Amino acid sequence: MSRPPRPRPGSKLKISEPSDAARPRARGTERSVARRAELIAIGRKLFADTSYDALSMDDIAKQAHVAKGLIYYYFQSKRGYYLAIIHDSVADLINFAASGLELEQLDRVHRTMESYLRWAEHNQAAYRTIVSGGVGFDTEVQAIRDGVREAIVATIADGAYGRTDIAPIARMGLFAWVCSVEGATLDWIDRPALTRDQMRELLTKTLGASMRAIEELDPAYPAPSPARRDS
């Protein structure tokens with residue numbers, strides 16, 4: 001699978017779009033667009049803490065108080081509906097992480113980690129699906145997951161180095177940190193022995209350690225001052 005393109009500094013971060021099979025049919029009216037958005041909002045609540053397999057289309061229609069055919073009309077299938085929900089909620093997370101350019105570096109990292117942990121905490125079923133790659137081998141969900149990883153790497157790189165087109169050693173160091181964040185967050189939502197503030201601080205400090213390692217291996221990428229031991 002090809003890697004999603006990295007955004008330029010200051011650009012709006014994007015994740016992989018759903019495939020043609022999963023993408024809902026285009027609707028021409030404002031009412032249709034609003035109705036689709038309403039169904040996605042309902043689905044985000046339904047699937048926040050409930051796995052994909054646990055809800056049938058009949059369950060979804062009943063809890064959403066809509067006809068089952070309406071969901072098929074906009075999303076073609078249960079899977080198409082679920083992918084649209086995941087894509088929409090993850091896009092909110094990523095675009096929020098990419099904002100806050102006016103903040104100091106450490107404040108921006110704290111803000112990004114806070115929003116990431118809060119989203120995982122409040123959307124546990126969806127988070128597990130994304131991090132695990134979906135049900136079985138789901139290339140659509142894996143593409144979303146890869147997009148999230150690359151977007152966070154780009155956000156951190158832009159804040160730390162002022163650029164997103166970084167050298168392989170720097171990218172791999174940040175990418176490895178993002179993967180460790182996923183594993184730690186999965187364990188945290190299953191066994192929340194730490195508060196969200198404690199998790200945020202822990203993950204921020206491990207990012208500092210990763211940046212110091214990057215600098216040691218490639219001095220062209222010095223760790224920003226908040227990541228230095230003497231700061």
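A salt bridge is counted here where a side-chain nitrogen of Lys or Arg lies within 4 Å of a carboxyl oxygen of Asp or Glu, and a search of the whole structure finds 16 of them. The model is predicted, so local features need pLDDT of at least 70 and side-chain atom pairs count only at pLDDT 80 or more, while totals for chains, interfaces and linings use all residues. Residues are numbered from 1 along each chain as its sequence is written, and side-chain values use heavy atoms, with hydrogens and water left out.

**View 1. Salt bridge between Arg-44 and Asp-88.** The side chains of Arg-44 and Asp-88 meet at 2.8 Å, N to O. Because Arg-44 lies in helix H1 and Asp-88 in helix H4 (residues 78-98), the pair ties together parts that are 44 residues apart in sequence. Arg-44 is partly exposed, with a relative accessible area of 23% (buried means under 20%, exposed over 50%, partly exposed in between, with a 1.4 Å probe and protein chains only), and Asp-88 is partly exposed at 29%.

**View 2. Salt bridges of Asp-146 with Arg-145 and with Arg-149.** The side chains of Asp-146 and Arg-145 meet at 3.5 Å, N to O, whereas the closest N and O atoms of Asp-146 and Arg-149 are 3.9 Å apart. Asp-146 and Arg-149 both lie in helix H7 (residues 139-161), three residues apart, about one turn of the helix. Arg-145 counts as buried at 14% relative accessibility, and Arg-149 counts as buried at 12%.

**View 3. A network of salt bridges.**

Terms used: Helices (H or I, at least four residues) and strands (E, at least two) are DSSP runs, numbered from the N terminus.
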